[in-house]
Amino acid sequence: STVQSESFSMKPSFRLARPARLLAALFLAGGLLAGAAHAQQPLDAGGVEATEGKAVYPGQELTPQILYQLMLAEVAGARGQGVMAAQSYLDLARRTRDARIARRAAEMAVFARQTDLASDASRLWLELDPTSLQAQQLASGAAASSARIEELETHLASALARLGDKVGPALLGLNRGLARIPDKALIRRLVNDLTQPYLDQPEAHFARANAAYTAGDAAGAAQALEGALRLRPDWEQAVVLEAQLLQETSPGKGIESLRTYVAAHPDAREPRITLARLLVAAKQFGPAREQFDELLKRSPDDRDVVHASALLAMQQGDRPAAERYFKRLLELGFPEPDTVRVYLGQLAEEAKRPDDAIAWYKAVEPGAQYVAAQGRIAQVLANRGKLGDARAHLQALAREAAPADQVQYVLLESQLLRDANRNDDAFTVLDDALRQSPDNPDLLYESALMAERIGRVEVMEGRLRKLIALKPDHAHAYNALGYSLVDRNLRLDEAETLIRKGLALAPNDPFVIDSLGWAQYRRGKLADALETLQKAFALRADPEIAAHLGEVLWMLGRKEEAAKTWRDAAKAHPDNTVLADVIKKFKP
């Protein structure tokens, strides 16, 4: 069934503990009584009045019959009789004309995987609460699954008509409500048909613009936006979308349109934020920062703006400003404080304040950032000449960690040892861990690479082949094995076959593309190698790719281009040994 329960945040109550099951019906009944206290406006024939996009529910008298049927539905659900529960709720919703009961019927039907029931309940829910995006989404999904698009259109048209002069918010929600329909051209047709009676409303044109853009018609979207702005010239939402379309079709024009707008409307938050983001995307970091600074003057406690300003300052290398902004984020209660602490640790490292860096990393709590933060603590210690302390730190954490995290600490320790040029010790750490977890893909891969570094080629090949057998979709295992053969000028046909398998799994990976270029070079296909390596280098200006590209250029007689490629790469990566070796080989 295409009707899934992700549209609902509330789980059916029969998943609760048994005493709560009967209480669920009473809570819902209490909600019906509460509706009477909050119904402040007269109701139309459908029983629901929409006020500013929110349904006002009817005052419902809780009769013994209604209470009985509510409890009957919940008990049926508790006994696993989802169809009976959904049918009971749907029957009650039809009699009471209460959108809350219709929603409950839809939830029960979805949980019971009854597409037809879910469709009936969602259409009734939509009829009773036309502003509900959840009802629109479920109704459109059910209609798409059963080819009942015309029926959906009829119900949506009726629901919109009943909203009168409060139809605007519902028009804005049309595209999201119909998003479950996979055919974007069909969504556009539906939106155009449904908005036809409301073309005196700017929201109708905006809905058409969204539908056109989603269907791939940027010109049509721009035309629809002109209609929206003609009716409401200063509508920020339409101004922003128009600028985004302009920037996409004519780079620079979207930025200029927003500059003009914010000059005339200096307090416009969303247009200015969008302007700043477009400037960042265009790599105009200075002007972008000016816009964020302007936003901060007006809203110094806006967490989104402070966060963006912090990242931009960090991008520009302005550590004092970045630190100031990140600390302010913590004061403002940023929802991801550990991410901020990691950034502050990195900034302290860059400023050569290792004690401050360690303090920030230690403040990171267990969670998504914890292992990486502990790795940074170890790295800071190693950089201070305390490799033993760094290893002890990681080993102590590994002893207490869950198995998955234990592997991460082992990998971190091996990296420290490799950076210290202690390759034999790094291999030993990985090899010892692999004895405990012989089929761990990460350990197999990293220990294979380290085995090659210390000259144990047979171990490397054996572990990569085992990894491929365990994980046939591991692109980098094919690539590593193929490249190792190419680099030693062995079994080149087999090597290229392995690399091409890796490339099929990761077609845009610059390192796999580089391996293929190097294999072509080894096989004497210089023109093919040049084309392949240029593609890899365009994707990533890595020093080792530059070394290979320069060598091919040199062998093709294009020595000046080769020298320039190496020279530029050496400026950016002065410590890369592969690059240094190839330069020494051809320009001793």
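Q: How many residues does helix α29 have, and what distance does it reach from its first C-alpha to its last?

A: The model discussed here is a predicted one. An α-helix has 3.6 residues a turn, so residues three or four places apart point the same way. Helix α29, covering residues 510-522, has 13 residues and reaches 18 Å from its first C-alpha to its last, close to the 18 Å expected at 1.5 Å a residue.

Q: What is found at the N-terminal end of α29, and what follows the helix?

A: The N-terminal end of α29 is capped by Asp 509, which has a side-chain oxygen 2.8 Å from the backbone nitrogen of Phe 511. After α29 comes Gly 524, with a positive phi near 85°.

Q: Is α29 mostly covered or mostly uncovered?

A: α29 is mostly covered, with 11 of its 13 residues buried. Among the buried residues are Val 512, Ile 513, Leu 516, Trp 518 and Tyr 521. The elements that cover the buried residues of α29 include α27 (475-487), α28 (492-505), α30 (526-539) and α31 (543-555).

Q: Why does Arg 289 count as buried?

A: Arg 289 counts as buried because its relative accessibility is 17%, and buried means under 20%. This residue lies in helix α16, which spans residues 285-298.

Q: Which residues does Arg 289 meet?

A: Leaving aside neighbours within four places in sequence, Arg 289 is in contact with Leu 312, Ala 313, Gln 316, Asp 318 and Ala 321. With Asp 318 there is a polar contact between the two side chains, at 2.7 Å.

Q: What volume does the largest pocket have, and which residues lie nearest its centre?

A: Rolling a probe the size of a water molecule over the atoms shows where empty space is left. In this model, the largest pocket has a volume of about 1300 Å³. Its lining is made of 32 residues, and Glu 452, Arg 453, Tyr 483, Glu 544 and Val 578 lie nearest the centre. Helix α29 returns here: α25 (441-453), α27, α29, α31 and α33 (577-586) each supply at least two lining residues. By class, the lining holds 12 nonpolar, 8 polar and 12 charged residues.

Methods. Residues numbered from 1 in each chain as written. Predicted model: local features only at pLDDT ≥ 70, side-chain atom pairs only at ≥ 80, totals over all residues. Heavy atoms only, no water. Helix = DSSP H or I, 4+ residues; strand = E, 2+ residues; numbered from the N terminus. Buried < 20%, exposed > 50% of the residue type's maximum accessible area, 1.4 Å probe, protein only. Polar contact = N/O pair within 3.5 Å; in protein donor to acceptor, adjacent residues only side chain to side chain. Contact = heavy atoms within 4.5 Å. Expected span 1.5 Å × (residues − 1). 1 Å grid on protein atoms, 1.4 Å probe; cavity = no way out; pocket = protein on both sides within 12 Å on 5 of 7 lines; lining within 4 Å. Points joined across faces, edges and corners; volume = space filled by probe spheres on them. Nonpolar A, V, L, I, M, F, W, Y, C, P; charged D, E, K, R; others polar.
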